[in-house]
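Morning, everyone. I have one structure to show today. Let me put it up, and then we'll go through it.

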Amino acid sequence: MTVMPASQRALLDVAAMGLDERIARFGRPLMRPGPGLDPEVLHREVLEAPTELELAGADSLDPVDLEIFLHKLDSIIDDGRDVCKYLSMAEMLQAGDLGVGIFTAKGDMAGMSTGVILHALLHYGPVKYVLKHYVDDPTVGLADGDIFFFNDPDAGGVHTYDHFLMMPVFAGGELLAWVACGGHQGETGSRSPGGWSPEIGSRYEEGLHITPLRVGTDSRFHTDHLEFLLNSVRTPRQNSLDMKARLAVCVRLRQQLLREVERRGAPFVAAGLRQSIKTSAELARRRISNFNDGVYRSVVFLDTIGIDDGLIRLPVELHKRGDELIIDMAGASPEPGIGPFHLRWHLARAASAAALFPTVFRGLRWSIGLFDPIKLTAPPSIVNAPSRDSGTGSGSHTGRVVVQGLLLAAMRMLHDSPHRTGVAAPFAENLLLIQFGGTGQFGNPIAGGPANGNATGQGARFDLDGEHSAGFFWAMVVDCPGPEEQERKFPYRFDQDVCGLGRYRGGVGLTDCFVIHGTPGLSSNSVGTGSRFTKNYGLFGGYSGAAQPRIVIRGSDAKELMAAGADDLPMSVRELADRRRISGEYVFGHPNSEGETVRDGDVVVLARGCGGGYGDVLERDPEAVRADIADGITSTESATQLYGVVLAPGGCRVDVEATEARRAEIRAERKRLGRPYPDFVADWSQRRPPPEALRHYGEFPVPVQVIDDREYPVEPHSGTGAWHR
Amino acid sequence: MVTDSGAGRRRITEALDLDASSRRWVCNRCGHDLGPAARNYKEGCLVYDRDPREIHVPFDPPTEFGFNPHPDWCRIVEFYCPGCAVMFDVEYLPPGHPITHDIELDLDAVG
Ligand SMILES: [Zn+2]
């Protein structure tokens, strides 16, 4: 018998734990506290104990009045979202990559409008931090008209590139509510212009990290604070305008909420905000009860950590028990420690909303109450990263893959339920973002990128194809600036053989091709995933959307060709890559690059992902395949090879007999090639990816997670230290 | 909850039914038995490992990075009905990664 040395007695194997123990230990942020950062406030229960004002108003809540009030509240918040979009200058804010929320006095989100679901869902963190640590601190305090800024992801932001403002709302001298607004600003003074630095070693290269900071009083900015913030970024004018846009939204939300106080009284408004959360929670539980009890699993993979490529395993186990959902992410790859792809627990939980709110909770009013029946547990790993120094700039990328995995699991729960109408393959997720830095056409400093990235392809639905250039995985309500307007003027051509195939096919994403013009050079960086391993997953036999290359043509003759009136320029990425009509040095790379210079005449291709398919390709209506060929989405070769659809000579109609024969041939081939499961697994389990794919993976195939009980006790750390006292 | 396959069968995914009384997986298209519902339905399927370049057409000439996943990093595992060859599911996996037991119903609760 071996006696375990005392130093190792506290080691526990996560895989051997039961689900409830994993929830107790890892159902919270494992990140370390820091100045201005308190993980405890990030995992508070959904609804805090009621305030006196909320209790006082509870009896006055007539259901009809409440319904009218909530409708009004949502109009106020939607209006705030639109105002933010229209007043902002940063491309992503104009695209609607933002969130606006109204919170109870204790920081529970009672209503939101997005943009990106994440944003508004995370603001409870800074609000609760201020309430816990600053209200009674005589050097900070809290007063009507105060303005707080924050962007630190560990304080409750998303990544440093997203900037937020929040303000308390007082009524009759009492704290009634909070309002918050913000979104993707981009330029934050990080290593590369516009943010998104893929090659960082730690968080200290990701620009400013502002924990809740009072930057104004009496609804006005403090000049010294504002100038400090603006001096820290490359685009002070843009950031200044966007700060003012956020303030305008907060002030407007506050005014409109106070108008409701005049009309209905503060107790009613306070109690109404609280009741809206309770109602959402109740309806969410009732909804979950409709699904079959069981465990639904998926496993998805990242193929990069930015600074280096490698597979990252992200498993999702969705447990449905009665009226509760438990998301367990045990078995994820370890925290890489370098690169920007670390995810924190609170971001993972907020990310789960992007999967669940529009599908599982379809039709329910969005508030933090929808999280009441949901628990998320993740042992220390890339998805619940503990280290203080870890970069999180692309944690949102990791979060997106979590969204894909959770959707795949949830769809398996949704299909046999009264809510089948929510069943769809996920939106395309392989995203390539390119940022440019330098001098713009008016001599102004620029640092940022085009926001058309939001125009990705929709995944196929259970009864319909996915839409082209439709939107954004983070939020099915986000805008992309103008594809429809652009399409009215310049009809689009679709890339061929890139969308996910299936009984219903995924939508094709928008592609931009930039020719650098009128500038000696711009610095550029790009960040993305999905070049070696596509994550635009299909559903129930549908194939994924294509992988995502980054293409640059250096020293091209594109401008000369255009000046000469060439009428045979490539009209799609495939045509560009296959035919090479443009001469120059073609670079096909993985999505991440930093500190590259693009020069006059260079061509930069920015392709977005395409949605996954749904169901078996052989069940696609041959007429729909013929239409896809006519639209240029599918080649005749793929139609025959993969869909088994043969067109009559001339291509105007389907050759029904030849199609039936070809499909019978493919079915026979499946039976010939397919092997019984045990035989297949016997061979398959002997294989593994090349070593360079496993550098950041952990043990293959399932990373072993052994924790030290003393480092991760069941009871979490008790708040923050006295960092400066 | 939505019983649209008839004869006491529940349609769990597009082409996969659960026969609630016998607690067995059944092909929705041809009725082929796919084994006990307490186990992974994939164990009753024919399985094939496909090179991703057959589905995700590479550029011509091929490039190191293109629209196709890298065949050493990513494989497409396909699951067919032994009766009618309908494809129930595909998984995109690194070679050798275990097959996902994606649906494990609480059969007592599902009834
Ligand atoms: Zn069958």
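Start with the surface. Chain A exposes about 25,600 Å². Carbon and sulfur atoms supply 52% of that area. Keep in mind that this is a predicted model.

Now the charges. Chain A carries 75 positive and 93 negative side chains. How far apart do the centres of the two sets lie? They lie 1 Å apart.

Next, the overall build. Chain A has 19 helices and 22 strands. Along the principal axes, the C-alpha atoms fill a box of roughly 80 × 75 × 60 Å.

What about the inside? Of the 725 residues in chain A, 63% are buried. Then look at contacts between residues at least 6 apart in sequence. Of these, 77% join residues at least 24 apart.

Let's zoom in on one helix. Helix α8 of chain A runs over residues 223–231. Here L226(A), L229(A) and L230(A) are buried. Why do they sit on the same side of α8(A)? Because they cover an arc of only 95 degrees around the axis. There is a general rule behind this. An α-helix has 3.6 residues a turn, so residues three or four places apart point the same way.

Now the other side of α8(A). There, D224(A), E227(A) and N231(A) are exposed.

Key: Residues numbered from 1 in each chain as written. Chains lettered and ligands numbered in written order. Predicted model: local features only at pLDDT ≥ 70, side-chain atom pairs only at ≥ 80, totals over all residues. Heavy atoms only, no water. Helix = DSSP H or I, 4+ residues; strand = E, 2+ residues; numbered from the N terminus. Buried < 20%, exposed > 50% of the residue type's maximum accessible area, 1.4 Å probe, protein only. Contact = heavy atoms within 4.5 Å. Areas by Shrake-Rupley, 256 points an atom, 1.4 Å probe, with all protein chains shown as cover. Lys, Arg positive; Asp, Glu negative; His and termini not counted. Charge placed at Lys NZ, Arg CZ, Asp CG, Glu CD. Arc of directions from axis to C-beta.
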